[in-house]
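Colleague: I'm new to reading protein models. Could you walk me through how helices pack and what a core looks like?

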Amino acid sequence: MNAPTDLAKFLAAQEKKSLLRFLTCGSVDDGKSTLIGRLLYDSKLLFEDHLATLEKDSKKHGTTGGDIDFALLVDGLEAEREQGITIDVAYRFFATDKRKFIVADTPGHEQYTRNMATGASNSDLAVILIDARKGVLIQTRRHAYIASLLGIRHVVLAVNKIDLVGYSQKAFDAIVGEFSAFAEKLGFASIMPIPISARFGDNVITASENLPWYVGPALLEHLEIVDVETGLAAKPFRFPVQWVNRPNLDFRGFSGTVVGGRVRAGDTVAVAKSGKTSTVKRIVTMDGDLDEAAAGAAVTLVLADEIDISRGDVLSAPTARPDVSEQFAAHLLWMAEDELLPGRQYLMKLGTATVPVQITALKHKIDVNTLDQHAAKTLQLNEVGYGNFSTSQPVAFDAYRDNRDMGGFILIDRFSNATVGAGMIDFGLRRATNVHWQALDVDKRARAEQKGQKPAVLWFTGLSGSGKSTIANLVEKALLAEGRHTYLLDGDNVRHGLNRDLGFTDADRVENIRRVGEVAKLFVDAGLIVLTSFISPFRSERRMARELVGAAEFIEIYIDTPIEVCIQRDPKGLYQKAKAGEIKNFTGISSPYEAPQSAELRIETVTGDAATHAAAIVRYLRERGYIS
Amino acid sequence: MREVAAEFANPVMLYSIGKDSSVMLHLAMKAFYPAKPPFPLLHVDTTWKFQEMIRFRDETVKRLGLKLLVHINEDGVKRGVNPFDSGSALHTQVMKTEALKQALDKYGFDAAFGGARRDEEKSRAKERVFSFRNANHAWDPKNQRPELWRVYNTRINKGESIRVFPLSNWTELDIWQYILAENIPIVPLYFAKKRPVVERDGTLIMVDDDRMKLKSGEEIENRLVRFRTLGCYPLTGAIDSDADTLEGIVTEMFTARTSERQGRLIDSDEKSSMEKKKKEGYF
C-alpha cells in the first residue's frame with residue numbers, strides 16, 4: 001500500500017461505507033456460528049494468531065473431524081465450547097469493500113429466546129437459518145415472529161446444509177414454500193431465500209458451482225446491497241432529554257440524541273408532556289455549533305425561553321407531537337424465570353423516562369407457531385402477550401412501528417432490578433384523557449376530623465395461622481371500645497365476596513391484594529382506621545398497597561411466627577392438607593412468603609399472648625398520634 | 001455516558017492511558033461539553049507501566065482540567081509481586097484485578113466506565129454495554145441482563161455496581177480512524193521509534209527501567225519498533241514497524257495480519273483466561 005495517497009482514498013471509501021447490523025438465528029445445530037466463522041474466514045478478516053488458535057482448538061473440541069471448525073471462532077464462553085452450543089448473544093464485526101457489518105450471533109435454544117430478541121432489537125435484518133434436512137421447525141417460526149415483532153423488516157432465509165440433501169432444488173423449494181406461507185402474516189418488506197453450505201462455503205461469499213439451479217446472489221453479495229433504509233430522518237422530530245447540561249449559571253442546555261427527524265436552529269419545539277413551546281437558540285457540540293442535527297446525532301440544545309424541562313422529557317415537532325398518555329396497548333415479550341403478574345407494579349424504562357407501570361389487562365398471548373391468540377392470565381418466560389398498560393404518570397411515546405426509540409421499553413423488577421420484559425407500544429388509549437377525577441367538596445380531612453381520629457391502614461401480614469386475624473380482631477375491639485371508627489378487612493371474608501372470582505395462583509394473589517389495597521384506600525378516604533388481615537406474601541404487593549394508600553397512613557405489622565409453630569397450631573387444618581398435596585400454592589409449603597424487611601411493627605408471637613400484642617399495637621397508634 | 005451521569009450516584013472512568021482510554025475520554029469531553037465530565041478518572045497503577053505512559057497521563061489530566069485518582073495495591077507491592085518473578089498471571093491478579101476491586105470499594109463507585117471492545121477477545125464479544133457486577137465485583141456470563149435497543153437498565157442494589165463499555169461496538173480500526181479524524185493525543189509509544197528491546201520467548205520487550213534483569217544470552221538492541229497495545233512494559237510486546245505517524249499506523253493496520261492482543265502475554269496464560277479473569281472482577 002502506497003501511503004499517503006492510497007490512505008486518503010481508503011479513508012474516503014471507509015467514510016462512505018454504510019453499516020448493516022444483522023442477526024443470525026435458527027434452531028440448535030443449524031450452523032449459525034459456523035456460518036459467521038465462515039464469513040469472517042472467507043472474507044479474510046481473521047488474524048493469524050486467531051487462526052492458529054482455531055486450528056489447535058479444532059483438533060481438541062472440533063466436531064468436524066480435524067478440519068477447521070468455524071463455530072469455535074465465535075462460541076466464546078467455556079460452557080459453550082464444551083457443550084457445542086451458543087448460549088448468549090455475541091457481537092462480531094467485519095467489513096468488505098462495500099459495507100461494514102455488525103453481526104449479532106444469537107442462541108438457538110428455546111430458553112434463550114430473550115437473547116435473540118436482544119440481538120433483534122438492534123438489527124435491521126435477520127438471517128434465519130434452516131437445516132435443509134429438518135425444514136421449518138417451531139423455533140424457526142418463533143424466531144421469524146420475534147424478528148417481525150421487534151420490527152425487523154428484511155429477512156434472509158438461509159437454507160443451510162444443502163450439501164447433506166444432495167444440493168436438491170426440490171428440498172429447497174419445499175422449505176421456501178412452507179416458510180413463505182407462514183411469514184406472509186408477519187409483514188416483512190423482503191424475504192430472500194438462499195441455499196448454502198456454511199461448512200463448505202457454498203453460496204456464502206460467492207456463487208456455488210454445486211447449485212447451478214440457483215440464480216440469485218450469494219449471502220454476502222446480498223448483504224452488501226440490500227436496502228434497509230428506514231427513513232428515520234424524514235420522520236417527525238423527537239429528542240428525549242437525557243441530561244440537563246448546566247456547568248454554570250450562564251448556560252443551560254439539554255443533552256441527548258435525536259431519535260427522529262431533524263432540528264434546525266430557530267425551529268420551534270414543544271415539550272411533549274407539558275405542551276410548552278420554545279425555539280432552538282443553539283445546537284451545541286464541542287466542535288462548534290451546528291445549524292442542523294438529524295436523527296442519530298448526539299447534541300446539546302439551548303432554548304430561547306426558560307421552560308421547565310428535565311430528564312425524561314421529550315422535545316418534539318410542535319405540529320407532529322408524540323402521544324402523551326398514562327395508558328397504552330403494547331406487545332410484551334416476557335424474559336424472566338418468574339411469571340408476569342398483571343396488577344404487580346414494575347418499572348418501565350422508555351427512552352430516558354423511568355416510571356412505575358402495571359399491566360391492567362392482559363388481552364391474550366400469542367402462539368408463535370400459528371400466530372393464534374389465546375386467553376391468558378399470565379406470561380411465562382419467552383412468551384409473547386398483548387395487553388393494556390397503565391403508568392403512574394403520563395409518558396410521551398410513539399407507536400413502535402413508527403419509531404423504535406420512542407415505542408420500545410423494558411420492564412424492570414422493583415426488587416431484583418432484573419430486566420424482566422421488553423415491550424413494544426402499539427397505540428395510546430384515549431380513555432386516559434377522558435376519565436378525570438371528580439373534585440368533591442367533603443374531603444378526607446373533613447371526614448377524619450368529624451371522627452376525631454387520623455385515618456390509617458394497619459396492614460397485618462404473616463403466614464397462615466400466625467395469629468393475624470386474632471390479633472387484628474382484638475385491636476379493633478379495643479379501638480371500638482374507645483369510640484374509634486374502624487373497619488376490618490379479613491382475607492377469608494373478602495374472598496367470599498369481592499374476590500370470589502380469584503384463586504391462589506401468584507397472579508390471583510397479586511390481584512387479590514391490589515383490590516384490597518384499593519378498598520382500604522377508599523376507607524381511609526372515608527376517615528376510618530382500616531385493619532387488613534391478609535397473608536400478602538409478596539413484598540411487591542405490600543409496597544404497591546403502601547404506595548396506593550400513602551406511606552404516612554400505612555402501618556405494616558409483621559406477625560412473625562415461625563412456620564413450625566404455625567404448622568403445629570394449624571387452626572383450620574390447612575397445613576395438614578397442604579402437606580398432603582390437597583391444597584396447591586399454599587404459602588410456606590408450596591408457595592413463597594417474602595418476610596418484610598422494614599415493617600413499622602414486628603410482633604413475635606412465640607412469647608406473650610394475643611391480648612398483649614394487641615395492646616402493643618394500640619399503644620403504637622397512640623404514641624404516633626393516630627388516636628389521642 | 002450521559003445515561004450513567006444521570007442515573008448513578010458515584011460514577012468513575014477507568015483510565016488505562018491506552019488508545020482506547022484516550023478515545024473514551026475524548027468522547028466524554030464531547031458528551032458533556034460545555035460542562036466537564038461529572039466524574040473523576042481512576043488509574044490502577046501496577047507500578048510497571050511504561051514511564052512515558054505515566055508522563056502522558058499527568059499531562060492529559062492537567063491539559064483537560066480533570067480529577068485523577070491513582071490507586072496502587074500497596075499490599076501487593078509489599079509482598080513484592082512483580083511480573084518477572086511472580087509470573088504474569090499472579091501479577092495481573094494482584095496488581096490489576098485486586099487493585100481495581102480495592103479502588104472501587106474504597107471510593108464506593110457504583111458505575112465504572114471501561115474502554116473494552118467486543119472485537120478484542122471472544123468472551124468480551126458477549127459483554128453487555130451495561131454489565132452488572134455483584135457486590136464482589138464478579139461477572140456472571142449466564143445471568144446477564146438482556147439489553148434491548150438503546151434502553152439500558154441502570155438499577156442496582158446497594159453494594160452492586162455496573163461496568164459500562166461505551167466502545168463496545170468499535171473495532172480497532174475504528175479507534176485508529178477516529179483518532180486520526182479527531183486528532184486525539186495518544187502516548188508516543190504507539191509511534192515507531194528506535195527503542196531498546198530484548199527478544200524474550202519470541203516477543204520484543206522494551207527495557208524501560210533497570211528493574212528488568214537480562215537473562216543469559218539476551219542482548220539489548222536498538223530496534224525501530226512501536227506498540228499496538230499498552231500495558232505493563234514487561235508484559236507488552238513491541239512490533240517492528242516504521243509507522244511514525246497516525247497515517248502510517250492506519251495504513252499498517254489495514255494490512256495487519258495479527259490481532260492486537262497477540263502482544264499481550266497475559267491472555268494466553270491458560271485457555272479461556274480472559275473469561276476467568278472477568279468472572280473474578282477484571283475488566
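Colleague: How do I describe helix H13 and helix H19 of chain A, and at what angle do they cross?

Modeller: Two packed helices are described by the angle between their axes and the distance between the axes. In this predicted model, local features need pLDDT of at least 70 and side-chain atom pairs 80 or more, while totals for chains, interfaces and linings use all residues. Residues are numbered from 1 along each chain as its sequence is written, with chains lettered from A and ligands numbered from 1 in the order in which they are written. Here H13 (residues 468-481) and H19 (residues 610-623) of chain A have axes that come within 9 Å and cross at roughly 55°. That makes H13(A) oblique to H19(A) (under 35 degrees is roughly parallel, over 145 roughly antiparallel, 65 to 115 roughly perpendicular, and the rest oblique).

Colleague: Which residues of H13(A) and H19(A) meet?

Modeller: Contact means C-beta atoms, placed from the backbone, within 7 Å. On the H13(A) side they include Ile471(A), Leu474(A) and Val475(A), and on the H19(A) side Ala614(A), Ile617(A) and Val618(A) are among them. By class, that contact has 10 nonpolar, two polar and no charged residues (Ala, Val, Leu, Ile, Met, Phe, Trp, Tyr, Cys and Pro are nonpolar; Asp, Glu, Lys and Arg charged; the others, Gly among them, polar).

Colleague: And at what angle do H15(A) and H16(A) pack?

Modeller: Helix H15 (residues 506-525) and helix H16 (residues 539-549) of chain A pack at about 20°, with axes 9 Å apart. H15(A) and H16(A) are therefore roughly parallel to each other. Val510(A), Ile513(A) and Val524(A) are among the H15(A) residues that meet H16(A), where Met544(A) and Leu548(A) are among the partners.

Colleague: Which residues touch the most other members of the largest nonpolar core?

Modeller: In soluble globular proteins, nonpolar side chains tend to be buried together. A nonpolar core joins buried Ala, Val, Leu, Ile, Met, Phe, Trp, Tyr and Cys residues through C-beta atoms within 7 Å. The largest one has 217 residues, and those touching the most other members include Val457(A), Val530(A) and Met13(B). Leaving out residues up to four places away in sequence, Val457(A) touches Ala520(A), Val524(A) and Val530(A), among others.

Colleague: Is Ala111(B) buried or exposed?

Modeller: Ala111(B) counts as buried because it has 24 C-beta neighbours inside 10 Å (20 or more is buried, 12 or fewer exposed, in between partly exposed). Ala111(B) and Ala5(B) are 106 residues apart in sequence, yet 9.2 Å apart in space, C-alpha to C-alpha.

Definitions and conventions. Axes fitted to C-alpha atoms, helices over the stretch in contact; angles between N-to-C directions. Helix = DSSP H or I, 4+ residues; strand = E, 2+ residues; numbered from the N terminus. Contact = placed C-beta atoms within 7 Å.
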